[in-house]
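Thank you all for coming. I would like to walk you through one structure this morning, so please have a look at it before I start.

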Amino acid sequence: MANVLIAGGGIGGLAAALGLAGRGHRVTVLERRDTFTELGAGIQLGPNAFHALDLLGVGSQVRDRAVYIDELRFMDGTTDERVASMPLTGDYRARFGNPYAVVQRSDLYEPLLEGCRSHPLIELRGGSSVVSYEQGGQGSGEVTAVLSSGERLSGAALIGADGIRSAVRRQLVGDGDPRVSGHTIYRSVIPMEQVPEELRWNTVTLWAGPKWHFVHYPIGGGAFLNLAATRDDAAEVAVVGKPTERDHVLNEFPDLGDTARRLLELGQDWKAWVLCDRDPVDVWTDGRVALLGDAAHPMLQYAAQGACQALEDAVVIAESLDCSEDEFVQRLEKYSAVRRERTARTQLVAREMGRRLYHPVGDGARERNAMLAGLSADDMYDEVAWLHGAELQ
């Protein structure tokens with residue numbers, strides 16, 4: 001039994017804690033915030049996420065809170081034309097072995113948190129911000145996490161699950177600040193009772209327009225509608241959760257068709273983020289230190305895989321460290337080798353989806369519509385099979 005330190009108590013950090021404790025290791029989760037909470041609105045969970053959650057022992061708890069949607073629907077946002085849709089029920093579930101669902105972030109986070117709190121091998125420490133780490137030379141059996149308070153904690157491994165601006169990554173990779181995408185996303189969550197009945201679709205619907213797109217889907221067991229509208233506006237400075245006037249949001253999407261505009265106009269208490277990601281990197285480990293989730297492979301939301309890939313990381317790192325602690329260095333390198341190619345592909349595909357599918361203008365948009373309209377459901381399943389159909393050990 002080894003003692004493993006995890007920097008970051010978000011979705012990836014808690015999932016890793018559950019996986020490692022399930023392999024018999026003691027785990028200390030070090031979270032910079034005083035309390036363990038998860039901010040944000042909606043998350044899409046593909047079958048690969050549910051497979052990981054099942055292996056972590058919380059699949060049924062998340063399923064109980066999820067909304068199982070009928071299809072992914074792609075609309076021309078300027079004409080209200082339905083371009084294509086991918087059914088997510090019978091054949092899809094049979095092929096990929098699990099459903100596709102949407103949840104409020106808390107509906108994913110709380111089962112992970114409850115699992116960690118009830119596990120005798122897991123300690124959760126709030127107000128414990130990891131700012132750096134230290135380890136001895138080759139063959140050293142410990143790594144030390146240095147906290148902002150000056151406190152030092154040692155363990156057999158340190159997992160950096162501390163997000164896109166990870167302090168662990170800053171020391172391990174040293175690649176500076178995240179890449180600003182130039183896209184601003186506006187988010188709002190409204191009670192479903194405020195949505196006209198004819199617009200209460202059990203779908204993830206995406207309206208695509210010239211240099212913008214607008215997504216909405218039900219969350220909170222169907223009690224709320226999650227709205228997310230993104231503008232390719234060449235933003236250069238990162239923004240996180242900035243309150244934004246409703247009129248500003250509406251004015252950013254002047255070309256919206258009638259139905260999409262009706263939905264956008266329902267939004268209240270809008271907040272803005274400028275989306276960021278990073279380039280894939282080949283090095284995720286440094287001796288007894290490894291990265292996980294957004295600290296390793298932050299990606300744009302366009303493939304709806306950020307949380308899914310963090311959950312996969314957690315399963316793989318737990319399986320990799322199912323060994324004695326004197327093997328940890330080699331096993332962490334194995335974890336990195338197993339995960340790097342898949343997550344790098346997902347990062348780059350997410351970027352390409354924003355450029356090629358969601359934001360083209362003029363002839364590019366017409367060509368996109370024709371391409372999507374020509375795909376059958378089986379064609380679409382083939383396109384996503386590498387991502388949604390992944391099987392973990």
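Let me begin with aspartate 379, which lies in helix H12, where helices (H or I, at least four residues) and strands (E, at least two) are DSSP runs numbered from the N terminus. Please keep in mind that this is a predicted model, in which local features need pLDDT of at least 70 and side-chain atom pairs count only at pLDDT 80 or more, while totals for chains, interfaces and linings use all residues. Residues are numbered from 1 along each chain as its sequence is written, and side-chain values use heavy atoms, with hydrogens and water left out.

Aspartate 379 has a relative accessibility of 31% and therefore counts as partly exposed; buried means under 20% relative accessible area, exposed over 50%, and partly exposed in between, with a 1.4 Å probe and protein chains only.

Turning to the aromatic rings, the count comes to ten pairs, where rings of Phe, Tyr and Trp (its six-membered ring) pair if their centres lie within 6.5 Å, and planes under 30 degrees apart count as stacked, over 60 as edge-to-face and the rest as tilted. Tryptophan 212 and phenylalanine 253 have ring centres 5.9 Å apart and planes at 85°, so this pair is edge-to-face. Tryptophan 212 sits in strand E15, phenylalanine 253 in the loop between helix H7 and helix H8, and the two are 41 residues apart; both are buried.

Tyrosine 302 and tyrosine 358 form another edge-to-face pair, at 5.6 Å centre to centre and 75° between the planes. Tyrosine 302 is buried at 5% relative accessible area, and tyrosine 358 is buried at 8%.
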